[in-house]
Amino acid sequence: MTNETPQLPDVIQRFLAIEPGSTSHAGTLMACMIGVLAACAWMLGGFSMMISAGIAVSLMLFLTPMISPEILMKMLRANPLRPKDYPAIHEMMHLLCERAGLDHTPKLFILPGKGVNAITTGTDAQTTIAISSDALLDLSPRQMRAILAHEIAHAWHGDTRILLMTDVLYRATWTIALFGLAIFIFGDFNPPAWMVVLFGAVPTISFLLQRAVIRDREFAADHGASDLLNGPEDMIDALLHIDQINRRRLGLIPYRSTQPPTLLDTHPSVTARIKALRALKPGTWQKFFENRRMPGQ
């Protein structure tokens with residue numbers, strides 16, 4: 001199985017963030033998730049059910065705490081990346097954060113395990129970036145700086161909040177669809193066949209939209225990294241090098257065959273990401289941060 005989906009029209013691939021578009025459209029994708037949820041609620045109980053679903057989602061967003069970065073780092077068996085052991089990386093982080101205008105410098109951790117990987121979690125002063133041990137060993141300073149810039153762009157965009165919102169929308173849609181199917185099967189209601197099929201399909205539709213939001217944020221973070229680095233060359237070099245390392249180290253099965261289908265993946269293909277970076281016009285770098293406010297400001 002390959003990581004390409006050539007059977008989908010180009011416009012669909014761009015909408016689902018399989019291929020890069022001209023701009024980020026995470027808001028449109030999230031609006032579609034809300035629309036799917038609202039349609040399910042309306043078919044199940046009319047306008048009152050739509051209102052109830054909206055209230056439930058709002059309460060979930062308000063009450064659902066974002067997982068603590070400290071707890072997540074313990075679950076991942078990650079250790080702090082101490083400044084005295086890696087002073088150059090901490091200096092890169094400080095300079096990039098200053099350039100991006102972040103109020104807080106993220107905490108750094110080392111992830112165990114094979115493969116080059118990095119994650120960003122938490123918000124504001126609790127923002128934490130974890131880098132795999134293979135990244136520390138195998139990336140050049142410029143490649144490491146590119147990875148840090150990518151993760152800082154995630155923090156600047158508030159992507160952890162966005163992913164929390166999409167997760168709540170997906171879970172709410174799944175709950176309403178399951179409730180509807182239970183009523184159809186065990187209740188007295190005799191719905192048309194198309195409604196049963198629709199309620200069976202909407203969790204998958206919402207899941208695919210959620211994955212598309214995540215891929216869209218990856219394209220946006222690559223764009224942000226390019227702006228921070230005053231050009232896409234270092235990010236392209238890092239992506240190519242990381243792909244080679246991961247192909248070599250992630251198991252005995254050929255790397256590409258171990259990847260999920262693109263529609264289910266959380267990251268666009270390396271080819272698509274490089275295509276998007278090369279499409280950035282010279283002279284427009286840094287505009288992403290200069291012309292936008294941070295979320296919440």
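Which elements of the protein chain have the lowest and the highest mean pLDDT? In this predicted model, the lowest mean value, 54, belongs to helix 11, which covers residues 287-290, whereas the highest, 96, belongs to strand 2, which covers residues 107-111. Over the protein chain, pLDDT averages 87, and 89% of the residues score at least 70. Two stretches stay under 50: residues 1-5, for which the model has 16 contacts beyond four places in sequence, and residues 292-297, for which the model has nine such contacts. Where pLDDT is low, the predicted coordinates should not be read in detail.

The secondary structure of the protein chain consists of 11 helices and four strands. Of the 297 residues, 45% are buried, and the chain exposes about 15,600 Å², of which carbon and sulfur atoms supply 62%.

In soluble globular proteins, nonpolar side chains tend to be buried together. The largest nonpolar core of the model has 38 residues, and those with the most contacts inside this core are Leu-108, Ile-131, Leu-139, Met-144, Leu-148 and Ile-152. Two or more residues are given to this core by each of several elements, including strand 2, strand 4 (128-132), helix 4 (87-100), helix 5 (133-138) and helix 8 (193-228). Helix 6 (141-157) is also among these elements, and with eight residues helix 6 gives the most to the core. Leu-139, one of the residues with the most contacts inside the core, touches Val-116, Asp-134, Met-144, Ile-147, His-241, Ile-242 and Ile-245, if residues up to four places away in sequence are not counted. Apart from this core lies another, of 27 residues, among them Leu-16, Leu-37, Phe-184 and Leu-209.

Two packed helices are described by the angle between their axes and the distance between the axes. The axes of helix 9 and helix 10 come within 10 Å and cross at roughly 170°; because angles over 145 degrees count as roughly antiparallel, helix 9 is roughly antiparallel to helix 10. On the side of helix 9, the contact is made by Met-235, Ile-236, Leu-239, Leu-240 and Asp-243, and on the side of helix 10 by Val-270, Arg-273, Ile-274, Leu-277 and Arg-278.

Notes
Residues numbered from 1 in each chain as written. Predicted model: local features only at pLDDT ≥ 70, side-chain atom pairs only at ≥ 80, totals over all residues. Heavy atoms only, no water. Buried < 20%, exposed > 50% of the residue type's maximum accessible area, 1.4 Å probe, protein only. Areas by Shrake-Rupley, 256 points an atom, 1.4 Å probe, with all protein chains shown as cover. pLDDT = per-residue confidence, 0-100. Contact = heavy atoms within 4.5 Å. Core = buried A, V, L, I, M, F, W, Y, C linked by side-chain atoms within 4.5 Å. Axes fitted to C-alpha atoms, helices over the stretch in contact; angles between N-to-C directions. Parallel < 35°, antiparallel > 145°, perpendicular 65-115°, else oblique.
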